[in-house]
Amino acid sequence: MSEHNHKHRGHHHDNHNNHEQQKGHDNTDDHAGHDVHHGDDHAHHGHHGDHNGHEGHHHHGDFKKKFFVSLIFAVPIIFLAPMMGIELPFQFTFPGSDWLVLVLATILYFYGGQPFISGAKEELKARKPGMMTLITMGISVAYFYSLYAFYMNHFGAPDAHTMDFFWELATLIIIMLLGHWIEMGAVGNAGDALKKMAELLPSTAVVIDEAGNSKEMELAEVNEGDHVQVKAGDNIPTDGVIVSGRTSVDESLVTGESRNVEKTIDDSVIGGSVNGSGTITVKVTGTGESGYLSQVMGLVSAAQSDKSKAELLADRIAGYLFYFALSAGLISFVVWMMISGNVDFALERLVTVLVIACPHALGLAIPLVTARSTSIGASNGLIVKNRESLETARHLDAVMMDKTGTLTEGNFAVNHFESFNEVYSDEEVLGFMAAMEKSSSHPLALGILDKAAEEDVNIPHAEDVSNIPGIGLEAMIAGKDMKITSVSYFEDNGMDYDKAQFDALAGQGNSVSFLVIDGENSGIVAQGDQIKSSSKDMVRDLIDRGIEPVMLTGDNRQVAEAVAAELGITEVHAQMMPEDKEALIHSYQKEGRKVMMVGDGINDAPSLVRADIGVAIGAGTDVAVESGDVILVKSEPSDIMNFLSLAEKTMKKTVQNLWLGAGYNIIAVPLAAGVLAAAGLILSPAVGAILMSISTVVVALNAMTLRLNG
């Protein structure tokens, strides 16, 4: 099979700013680099991102392990210790069983309770008590009061039995660990966008010395001014300027540019992009931190550290309950001391209030909704990695979308083909081009072959297919010399072509190729990136919801505005570098607007991290997938609407569960404190425990009723 990487020279976009000083004609064809690894780096490997919020410090595996180890200590306690003073039918005791309970409960408190105690320290350090503080208060009061009760029952006043809370301690820790394990499992494992970016740069580079000798060196040892050799298909190791050779470069992963960029001597290249068909020598202009990719990584890192984590609703409610329970408990202690003078009874009221306030129902309410929501999302092609995004979705003002691969397919289809030669029909011209493209896997070549198959065109046999550097392809077909060329070939050779037609096709965002037969301009084919069928409906739905759709792209303004006009998007930003996209999102946020960003490339990573919600297209790069809060597995932008609907229904269910969970506390805490004692109604610890169990079951059942449709 002949290797015919043809390069239709001249295509470029002006979107590279100071990174690119390219030659040629805007929007002309860049039919280049058939060896480029298109798609190799686009595989979505399903890495899930880190769960944000107070649980972020614990890997999902930690909670799973802690849950099962804690269960070993908790089960004997459940069988041996009474529930708030009531002996259940399955419970039993034996001589020394209370000592065993004490030892098991101590291990359980310090081992199983550790993540909550650590979380509470952080919340209190930040002066924002939340779920961790409320849980820690409950388990600590239960444990330390039970130590006091154990001492009183064995050494202090054995005749007057003091009730312990070991049973409550065990069940509370187990339920809370289960809730966190469910939640962490639902939102997935930690991912690292910066690590994925670093992997784009090869670890070594071939350096050529002044004598022309080549030596492979570690990338860290390469300095500015060195000359490095980059072979066809290799990742370019550093930023630099080409000093010899010509090639086409696939910069789509780095810049978002949807078409290969023709490069020759004095053109700039970016480290991390993929070299196409030619071997080039590059003079290094940027390495390490001065390299372009490192600057993008810096943007991602800065956005990660700047991004304010919204305090989750459940944490806010838990914070209020913490103050509510603590106040109610202390007031009840003081009041009962004044009324009865009995310190033991007053202390028992205080402890009962604080233990009852512990959020069994709340601790399960949100994880179960999250797990159910995540499962529904996954079955509809949505992976929700950060549950804050479900809360934020209710307040969105704008959805910013990358063009290539997000709103468009990211591959090329023939929009127009035509013969200028009276001897040959339009279909025959397409057939000649397809014949020359037959052994190529380049996206533009595939577009021509697909169109030929669709039109059922006869593809003749092409002989001696060869690559003409910087021009295109040449072959002999039916005894005629035929070439596929770019517009620059015509201009370099002073040949005539229909400039108005070319400008019109190029202005619609097409790559344009010409067919030359025996030196005559004999045909044209224009290929454009196709708009996804669901993009138009999604844009309309966003507008209906009062959310502004905004297009951000590295492509030139002509192409961007043509696509935007077709989709009904009025806000368009073209020729943008990664830092421009991120800065635009930042400017919206400074105005107090909530922004979602949808993208698929490395150039989108800083924006995905910076945005209030980052949505990564699943067929995009690993880096984008790692940077997003939500992944659209099917790469369909219309799934954004499914995400917004899911977020709306999830939050509705979350609020219901918060009311059901907190409602129990709001009623039970004052009753336990004794506000109706004058009427003869005082909530016993046992009844409180039963109510606590009922509320937990109710929130669990309610979570299971969550549906996406209906």
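**Figure 1. Contact between Arg610 and Glu582.** In this predicted model, the side chains of Arg610 and Glu582 make a polar contact at 2.9 Å. Arg610 belongs to helix H21, which comprises residues 605-610. With a relative accessible area of 7%, Arg610 is buried, because the cut-off for that class is under 20%.

**Figure 2. The open sheet of seven strands.** Mixed pairing is found in this sheet, whose strand order is S10-S22-S21-S20-S11-S18-S19. Strand S10 (382-384) and strand S19 (571-573) form its edges, each pairing on one side only. On average, and with direction ignored, neighbouring strands are turned by 20 degrees against each other. Strand S11 (residues 398-402) is joined to strand S20 (residues 595-599) by four bridges in the parallel sense. Within this pair, Val399 stands opposite Met596 of S20. Helix H20 (residues 578-590) lies across S11, strand S18 (548-552), S19 and S20, and runs at about 175 degrees to S11.

**Figure 3. The open sheet of six strands.** The strands of this sheet follow the order S2-S1-S3-S9-S4-S7, and their pairing is antiparallel. Strand S2 (214-218) and strand S7 (268-269) are the edge strands; each has a single partner strand, so one side of each is left without a neighbour in the sheet. Strands pair through backbone hydrogen bonds. Five bridges link strand S4 (residues 239-244) and strand S9 (residues 280-286) in the antiparallel sense. Val241 stands opposite Lys283 of S9.

Figure 4. Strand S14 (residues 472-477) and strand S15 (residues 480-485) run antiparallel and are joined by five bridges, with Leu473 opposite Ile484 of S15. The two strands form a hairpin with two residues between them. In the turn, Ala478 has a positive phi of about 50 degrees. S15 also runs antiparallel to strand S16 (residues 510-517), to which four bridges join it. Here Lys483 has Val516 in S16 as its bridge partner.

**Figure 5. Confidence along the predicted model.** The protein has an average pLDDT of 79, and 81% of the residues score at least 70. Among the elements of the protein, the highest mean pLDDT, 95, belongs to helix H2 (residues 97-112), and the lowest, 59, to helix H7 (residues 252-255). The pLDDT is below 50 over residues 1-60, a stretch that has 251 contacts in the model beyond near neighbours in sequence.

Conventions. Residues are numbered from 1 along each chain as its sequence is written. This is a predicted model: local features need pLDDT of at least 70, side-chain atom pairs count only at pLDDT 80 or more; totals for chains, interfaces and linings use all residues. Side-chain values use heavy atoms; hydrogens and water are left out. Two strands pair if DSSP finds at least two bridges between them. Buried means under 20% relative accessible area, exposed over 50%, partly exposed in between (1.4 Å probe, protein chains only). A polar contact is a pair of N or O atoms within 3.5 Å; within protein, one must be able to donate a hydrogen and the other to accept it, and residues adjacent in sequence count only if both atoms are side-chain atoms. pLDDT is the predictor's confidence in each residue, from 0 to 100. Contact means heavy atoms within 4.5 Å. Axes are lines fitted to C-alpha atoms, for helices over the stretch in contact, and angles run from 0 to 180 degrees between N-to-C directions.
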